[in-house]
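Dear colleague,

Please find the structure below.

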Amino acid sequence: MDLVLSEEQELLARTAREFVTGRSSLKRVRQLRDAHDADGFSRELWREMAALGWLGIVVPEEYGGAGLGWLELMVVMEELGRGLMPEPMLSTVLMGSTALLLGGSEAQKKEHLPAIVAGERLITIAHKETGSRYLAEHVATRAEKSGSSYLLRGEKSNVLDGHVADWLIVTARTSGGTRDAGGLTQFVVRADTPGITVERLSRIDSRNAALVRFDDVRVGADAVLGTLDHGATLVARTADRATIGLTAEMLGSMSAALEMTLEYLRTRVQFGVLIGSFQALKHRAATMFIESELARSAVMGAHRAIDEGRDDATIARLASVAKARCNDAFNLIAKEGVQMHGGIGMTDEHDIGFFLKRARVAEMTFGDSAHHRDRYARLEGY
């Protein structure tokens, strides 16, 4: 497997870095947090990202996208991660668009994908529930047949960007018990449908999430995404690809945190010498660099596997490898960065703390390292 970027991909990465550097500083992220911004991100920047084609990188041209690959998406996500940009790439592009591409009917794709690519529609997945942790089949929300339609009842927690979403892809149980593997169905539902209430939540990294309740929400049969009662496969396939995309963002964030720390080691003077000259700190910095490079290989390998059309089992394994590596590396680099900065690293005024908070939230999103190591072992039959 070739783990290097092409000239075109390198150019895309430079364009994305220039955009992030010029349009989105960590000062902006802090201002959004402190102002309790109603959206939690910039709709102006979102429209600019749409104009650059980033929202439709992997969407086929027939639906308004660029028809490129996941490796191109990776280089953009990496640069967005460097700037800790809170725009809804994870929820709308990595989750929503992916689910539609994998399981949507032709009518659903034509209805939603062009609007998403144009930056005119936000969509997210409402799947996780209280008590489910990382067990994907744990779904208590039910969709009961009512004539030619369905009534949704239940509650979804930690719905990413749920408070600004125009549409929700809701996982509900159309048969079976709460933890049965079968009987799951996904529905594409307008967020303003009567019976839906959304409570905005804020994670420790100040990113957006929501608690969404469904009280006899009526949806038609045309809202079914994929196959009735067999939605577990679609849920898993979408989650694996979204996980892989998230690791690209994590890679960018850990790279930025590492560079920030190395720059501090080169300029901070203690006891009359640069602290970067201390052998103990050199060793720790070398470990951080090695961990980031190992993570890069895992992330690039997982993205390339999607582009190569590898089977779902292989993609699932590589998703777990990449996520476990990035969880460990990002947390290590962020923690070491705070420690090497000393007391100033613990203050809110210094940017390194933002990366530690993001590392903790990203780790818990789609599964921590213990979960993915256990999952990989099960996939391998151990």
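The second largest cavity holds about 50 Å³ of space (a cavity is a set of points on a 1 Å grid over the protein atoms alone where a 1.4 Å probe fits but cannot get out; a volume is the space filled by probe spheres set on the points, which are joined across faces, edges and corners). This is a predicted model, in which local features need pLDDT of at least 70, side-chain atom pairs count only at pLDDT 80 or more, and totals for chains, interfaces and linings use all residues. Residues are numbered from 1 along each chain as its sequence is written, and side-chain values use heavy atoms, with hydrogens and water left out.

Val29, Leu84, Asp205, Ser206, Arg207, Phe354 and Arg358 line the second largest cavity, where lining residues have an atom within 4 Å of a point. This lining comprises 3 nonpolar, 1 polar and 3 charged residues (nonpolar: Ala, Val, Leu, Ile, Met, Phe, Trp, Tyr, Cys and Pro; charged: Asp, Glu, Lys and Arg; polar: the others, Gly among them).

The whole structure contains 2 cavities of 30 Å³ or more.

Turning to the helices (DSSP runs of H or I, at least four residues, numbered from the N terminus), helix 9 (residues 312-341) packs against helix 11 (residues 369-379) at about 155 degrees, with the axes 9 Å apart (axes are lines fitted to C-alpha atoms over the stretch in contact, and angles run from 0 to 180 degrees between N-to-C directions). Helix 9 and helix 11 are therefore roughly antiparallel (an angle over 145 degrees).

With kind regards

Methods: Helix = DSSP H or I, 4+ residues; strand = E, 2+ residues; numbered from the N terminus. Parallel < 35°, antiparallel > 145°, perpendicular 65-115°, else oblique. 1 Å grid on protein atoms, 1.4 Å probe; cavity = no way out; pocket = protein on both sides within 12 Å on 5 of 7 lines; lining within 4 Å.
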